[in-house]
Amino acid sequence: MNLDYKIRYIAKNTYENKTDGALWQFLIIPENNYSQQLISDEFINSLNIPVENSINGYGFRTYRIRPRQSIEEIVFTADFKIIKKVENIFERVSHEYSKDEYTNLRSLEFRAENDVFLRFTNLTSLHQKVDFEFDESITLFENLQNLNSWIKNEFTFKTNVTDIDTDLNHILEIKQGVCQDFTHLFIAIAKQFGIPSRYVSGYLHQGNGYFGDSQMHAWVECHIPDTGWIGFDPTNNLLAAEDHIKVAHGKDYSDCPPLKGVVYSSGKNETEYSVQVSAQQQQQ
Amino acid sequence: MLARVANNLFWMGRYIERAEHVARYLNVNYFTSLDAPNELSQSRQFVLQSMLFMADDFTRNENELNEEEVLFDIALNPDKQFSIINYVKLARENANSARDLISTELYEAINKFYHFVLNYPVENFKKNGLYDFSVQVTENTSILRGKIRGTLLHDQVYSIIMLGVNIERATQVIRIINSKYKDAEIAQGSYGDTLKNSYEWTTLLKCAESYDMMRRFYRQTPTSITTLEFLILNTDCPRSVMNSLNEVWEHINDLSREKHHSKHSSAFLIGKVRAKYRFKVIEEIESDLQAFIENILDDLNGIGVKLEKEYFHY
Amino acid sequence: MKSNKNNPTFKSYNRDPKLYDEIFDENDEVRETYKTLFELYSEHSAKDFGKLNTKAKASFFNQGITFQVYGDHEIKEKIFPFDLFPRIIDSEEWEHIEKGVLQRSRALNAFLWDVYHDKKIIKEGIVPLDLISSSENYLDQMNGFDPPGGIYNHISGTDLIKHSDGKYYVLEDNIRCPSGVSYVVCNRTALKRALFGVFNHYQAYTVTNYAENLLEILETVKPKGVDVPNCVVITPGIYNSAYYEHSYLAKAMGVELVEGQDLFVENDFVYMKTINGPEKVDVIYRRIDDQFLDPLEFKPDSAIGVPGLMAAYKKGNVCLVNTPGTGVADDKAIYTYMPEIIKYYLKEDPILNNVPTYHCSRPDELDYVLNNIQNLVIKPVDEAGGYGISIGNRLSREEIEEVKQTVSASPRKYIAQPIMSLSVHPTYIEDSECFEPRHVDLRTFTLLGSSKDFVLKGGLTRVALKKGNLIVNSSQGGGSKDTWVLKNNQ
């Protein structure tokens with residue numbers, strides 16, 4: 001079975017003083033992968049500035065806009081259509097316990113192959129012990145599911161208490177945060193155990209009352225030996241499946257913010273943005 | 001050529017030229033005033049005021065100007081935007097960023113000049129260095145002029161520097177005329193000097209290094225009319241405004257790739273300005289010199305702005 | 001040729017038998033290579049050298065071959081002191097060096113390809129994974145990317161010394177933005193101006209062909225589909241300490257010297273802003289560090305980079321030289337694995353010696369280091385320019401304790417090596433007005449292209465002007481010498 005998705009992303013940038021040269025890069029286009037297919041993408045802006053299609057350093061598609069005029073306000077609107085495959089993630093994961101899984105995880109070959117996603121970054125470093133422990137008598141997948149629910153149980157979703165630079169140790173203290181924070185925390189704990197983990201930025205279909213407010217969502221992908229990359233959404237204690245539409249991944253948030261800009265302007269600037277995701281079961 | 005580098009070369013030319021004119025102005029005014037035929041022209045305050053006017057410093061309103069201070073400010077005060085030392089610094093900085101395009105010889109000469117000005121002993125200058133300093137500055141700039149002409153390929157790089165040099169020269173000559181005309185107006189009447197036969201005309205010509213040329217051309221004592229005619233309209237005088245405009249026209253044609261200049265281009269504007277002054281007569285200019293000066297300064301400024309938009313925008 | 005004592009300009013030259021002296025042998029006889037030069041120099045008085053020295057200094061200053069030193073209050077312009085006594089390397093010795101540095105550059109290139117692709121050398125346990133994963137200079141954006149022509153370190157600067165055993169040792173491989181080559185050319189020019197006569201007696205290779213070879217190398221890595229590539233040099237700007245070199249190279253190659261603000265990226269192609277409008281750029285010799293190249297990809301506040309440059313690069317529309325991410329291999333900890341790296345990729349024995357190295361990251365070696373600091377040089381793994389180096393036998397007891405503490409606190413950050421004695425070379429000393437022995441090293445410049453390579457026959461001999469000082473970097477008060485590589489027929 002497949003789902004049809006329509007996604008609308010709107011961002012409005014305002015500048016207190018007119019810009020004197022600007023460049024924006026949007027990392028918001030759903031990627032094409034085995035479980036999702038991008039049918040169409042459209043990106044327009046209120047000033048009709050031409051849009052360039054490019055990539056970021058990790059090869060994910062981006063939109064880039066470089067106005068020639070000075071700007072006080074600009075609105076960007078993106079519309080995407082996606083077909084998402086509905087699948088049972090559990091079928092992809094091997095449920096039989098084997099010690100080999102842990103041996104493979106620790107093999108030099110596996111670690112070298114996944115080195116990039118085993119490195120600690122500023123946003124995914126823990127300086128204190130957390131009371132979650134891995135249990136080597138169950139599968140890695142089960143451990144990660146436990147971690148997923150541990151985060152959901154221990155922490156409360158709350159906006160405006162953290163921002164993109166918030167240190168994990170602060171989050172451990174206040175036990176609150178948003179999807180980015182929980183994703184970073186998950187990554188940090190999983191990496192500490194030696195599981196390659198990466199930050200995923202994307203859209204969440206909130207039809208079922210999931211957390212993530214009407215913005216872009218974040219979750220984790222972990223590389224389980226012999227299984228591959230599996231997505232975990234600690235904010236909602238879910239596996240990333242048909243409700244999760246992936247845009248890009250990286251080591252942490254700083255590798256995949258939806259909007260990056262180089263703007264020459266004095267004074268304050270503001271970005272407001274919103275995301276709408278609507279789904280429809282595909283007519284067959 | 002990079003637009004930024006072109007801009008730097010243009011300004012390098014302008015600053016070199018500007019340093020020269022300011023230095024000569026200091027020198028000529030100060031030393032001719034020492035034995036000027038009337039009391040006012042000899043007056044220190046009168047001369048210092050004139051220097052400040054030329055250097056563009058209108059910040060002072062003391063009645064009694066301090067000679068040492070004024071001379072230091074205009075020549076060697078690094079904190080004054082209008083000082084010679086500052087112009088030389090800027091010229092060298094501009095040369096630095098175009099270092100790969102200009103000849104080693106030119107760069108070395110600019111660099112030496114810079115170190116000379118930078119290391120000029122301030123105390124010496126204040127005591128008795130004005131003559132030595134200003135002469136060295138003008139000599140150095142003429143060395144630079146020689147290096148520009150003789151060690152650079154006469155291509156776009158050369159044209160852009162020469163555009164800067166000539167626009168600045170026209171501007172400075174006009175400013176000197178403006179400044180000295182004011183002086184002549186103030187000085188008139190003392191000891192029977194009329195405006196027409198003011199001693200200041202000789203000074204003016206010397207400030208533009210054109211006194212000898214003028215004497216050869218007219219074979220008579222400078223008057224207001226002949227001086228203005230010579231410095232503004234005479235196409236053979238290398239310091240005249242008209243000659244500078246001709247040079248600007250020539251160099252923009254080396255730079256522009258269009259055969260027929262589009263009406264929004266710098267070349268078109270330069271041609272238009274040049275045509276406007278080419279057939280002016282001096283009596284017309286003299287009848288309202290002030291308006292003429294404002295007008296032509298506007299025109300020169302407009303050319304600079306246009307060049308910047310068309311060629312130096314980065 | 002009998003001893004130096006007869007020569008007044010060498011009156012205070014005291015040979016230290018513990019060190020390798022480049023011009024006097026153990027019997028105080030002038031070595032064969034230097035005999036003619038020594039005789040020629042004997043014709044000049046100390047006063048002559050004093051004058052020549054002053055002249056040479058003024059010439060560097062007037063040419064603006066200077067670097068800036070940032071003091072507490074003001075910026076000072078300084079020249080990189082030039083010494084009048086040239087370093088001579090005979091053809092046999094040079095052949096050994098040339099083969100050795102080329103071998104290292106090739107091995108490093110193969111290593112870089114591997115660590116950004118299959119990581120075989122790591123998987124086989126030859127180089128520890130830790131060294132790569134803890135390196136701040138590893139760019140994961142480059143993972144799996146094939147740089148044009150397969151070249152990473154187009155330009156390498158290899159620092160060599162001659163130890164008291166008379167053998168060359170490599171101290172460092174610089175493959176990010178190695179600098180100094182412009183001084184090689186300036187030194188030659190300066191020596192010619194000062195003492196042109198001596199060149200009649202020796203046949204030294206020219207050094208001015210570096211730029212033309214560099215340009216050829218840049219052209220070998222042009223993007224696909226480009227016929228005649230438009231090459232540029234990018235500099236951080238006129239206030240950068242190596243600005244003279246950037247402008248020299250651009251001028252000598254006849255290409256534009258650009259700053260970040262002169263370039264822009266449109267539809268993943270790079271253009272420069274010229275007086276006649278945008279002009280496409282194909283190859284960029286960048287003298288800007290990785291982290292400043294592109295504010296969209298690296299440091300977001302970099303004002304000297306070009307937004308979108310990495311995307312253009314990864315799409316194959318422009319080539320960057322050296323390749324971003326080479327820094328992972330000029331880490332001093334990687335250096336210690338060079339013998340293994342050479343054997344692994346080239347199946348050859350290393351031609352040049354490596355200095356034996358202790359890794360403070362290994363517990364047993366850390367123990368040895370902590371107990372023997374007085375006999376070792378302690379170096380931070382990732383500092384350039386001679387900063388943060390402690391030389392064991394120069395430290396007081398308190399200082400040794402301090403070093404111990406810093407090293408134990410973050411052992412991964414330090415390596416230690418036996419104190420190598422750099423060879424000494426006669427150097428004109430202004431205070432004593434004669435030649436005295438001073439420590440020297442040698443930086444060579446190697447170019448790798450996809451279809452050619454080149455080692456500059458010559459190099460930068462750096463000299464520590466302070467008596468007994470072993471650190472030759474210009475930021476630490478070093479000077480330099482013209483370096484002659486002799487042709488075979490002598």
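Predicted model: local features only at pLDDT ≥ 70, side-chain atom pairs only at ≥ 80, totals over all residues.
Me: How many helices and strands are in chain A?
Reply: Chain A has 5 helices and 15 strands. These are DSSP runs numbered from the N terminus: helices are H or I with at least four residues, strands are E with at least two.

Me: Which domains does the assignment give for chain A?
Reply: Domain 1 covers 2–85 + 257–281 and domain 2 covers 92–255. Such bounds come from an automatic or database domain assignment.

Me: How far apart are the C-alpha centres of the two?
Reply: The centres of domain 1 and domain 2 of chain A lie 26 Å apart. Their contact takes 22 residues from domain 1 and 18 residues from domain 2, with contact meaning C-beta atoms, placed from the backbone, within 7 Å.

Me: Which element gives the most on the domain 1 side?
Reply: β15(A) does, with 6 residues. That side divides into 16 nonpolar, 4 polar and 2 charged residues. Ala, Val, Leu, Ile, Met, Phe, Trp, Tyr, Cys and Pro count as nonpolar, Asp, Glu, Lys and Arg as charged, and the others, Gly among them, as polar.

Me: New topic: how many residues go into the contact of chain A with chain C?
Reply: The contact takes 19 residues from chain A and 22 residues from chain C. On the chain A side, α2(A) gives the most, with 4 residues. By class, that side has 8 nonpolar, 4 polar and 7 charged residues.

Me: In what order do the strands of the open sheet in chain A run?
Reply: The order is β4-β5-β2-β14, with antiparallel pairing. Two strands pair if DSSP finds at least two bridges between them.

Me: Why is one side of β4 and of β14 left without a neighbour in the sheet?
Reply: Both strands of chain A stand at the edges, each with a single partner strand, so one side of each has no neighbour there.

Me: What about β2(A) and β5, over how many bridges do they pair?
Reply: β2(A) and β5 of chain A, residues 61–65, pair over 3 bridges in the antiparallel sense. A:Trp24 stands opposite A:Ile65 in β5(A).

Definitions and conventions. Residues numbered from 1 in each chain as written. Chains lettered and ligands numbered in written order. Contact = placed C-beta atoms within 7 Å.
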